[in-house]
Amino acid sequence: EQYASAFRLSNYRRMNGNSRQQCQRSESFLFTVKEIIDAAVAGERAPLSRCYVYNSKLLELTLRDRDVVARERVEYELIDGTIVQKEHRDLIDLEFRVRNPTTGWSTDFDLLVGTTGALRGVPVRITYQPNFWFKAILNLHQVSEGLSS
């Protein structure tokens with residue numbers, strides 16, 4: 001009962017009216033990213049846009065640019081000091097923008113995505129720089145032997 005009272009219906013946000021009518025999709029951010037990645041890997045060109053709803057806000061995800069990358073060398077250090085070096089082939093670099101059409105707020109991120117084999121449609125690098133002083137680069141670290149590229 002204590003748990004139920006903490007999550008009363010009044011604690012949930014709802015989106016109705018014009019905002020909801022502007023986006024009839026029910027997919028989340030990650031599903032929307034996957035949908036656009038799949039379209040880009042299949043050869044669709046930018047720009048590609050899809051709406052989605054997050055926290056009762058209508059947002060739009062747009063693939064702004066798509067570039068073919070034949071190969072990319074990656075090097076990073078693990079927490080135990082191990083240096084990992086690898087080379088990925090047959091990639092596309094996807095430049096995304098998330099935008100709130102109501103407020104005009106936007107943010108950008110890039111995905112480097114495999115296009116063949118076990119890495120087809122898989123982001124091997126995510127780059128996000130929300131401001132001039134912070135940049136996050138996430139590289140795929142494969143533990144499983146079956147996924148090496």
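Phe29, Tyr52, Phe96 and Phe109 form one aromatic cluster. The model described here is predicted. In total, the structure holds 4 aromatic pairs. In one of them, the ring centres of Phe29 and Tyr52 lie 5.6 Å apart with an angle of 55° between the planes, so this pair is tilted. Phe29 belongs to helix α3 (residues 29–41) and Tyr52 to strand β1 (residues 48–54), so the pair ties together parts that are 23 residues apart in sequence. Phe29 is partly exposed, at 29% relative accessibility, whereas Tyr52 is buried, at 3%.

Another aromatic pair, formed by Trp133 and Phe134, is edge-to-face, with 6.3 Å from centre to centre and 65° between the planes. Trp133 is exposed because its relative accessibility of 63% is over 50%. Phe134, at 38%, counts as partly exposed.

Two threonines in strands may be considered next. Thr62 is located in strand β2 (residues 57–77) and is buried, with a relative accessible area of 15%. Its side chain makes a polar contact of 2.7 Å with that of Ser49. Beyond residues up to four places away in sequence, Thr62 touches Pro47, Leu48, Ser49, Glu95, Phe96 and Arg97.

Thr107 is located in strand β4 (residues 106–114). Thr107 is likewise buried, with a relative accessible area of 13%. Leaving aside neighbours within four places in sequence, Thr107 is in contact with Phe96, Arg97, Val98 and Tyr128. With Tyr128, the side chain of Thr107 forms a side-chain polar contact of 3.3 Å. Thr107 and Asn131, 24 residues apart in sequence, have their C-alpha atoms 9.2 Å apart in space.

How values were computed
Residues numbered from 1 in each chain as written. Predicted model: local features only at pLDDT ≥ 70, side-chain atom pairs only at ≥ 80, totals over all residues. Heavy atoms only, no water. Helix = DSSP H or I, 4+ residues; strand = E, 2+ residues; numbered from the N terminus. Buried < 20%, exposed > 50% of the residue type's maximum accessible area, 1.4 Å probe, protein only. Contact = heavy atoms within 4.5 Å. Polar contact = N/O pair within 3.5 Å; in protein donor to acceptor, adjacent residues only side chain to side chain. Phe/Tyr/Trp six-rings, centres within 6.5 Å; stacked < 30°, edge-to-face > 60°.
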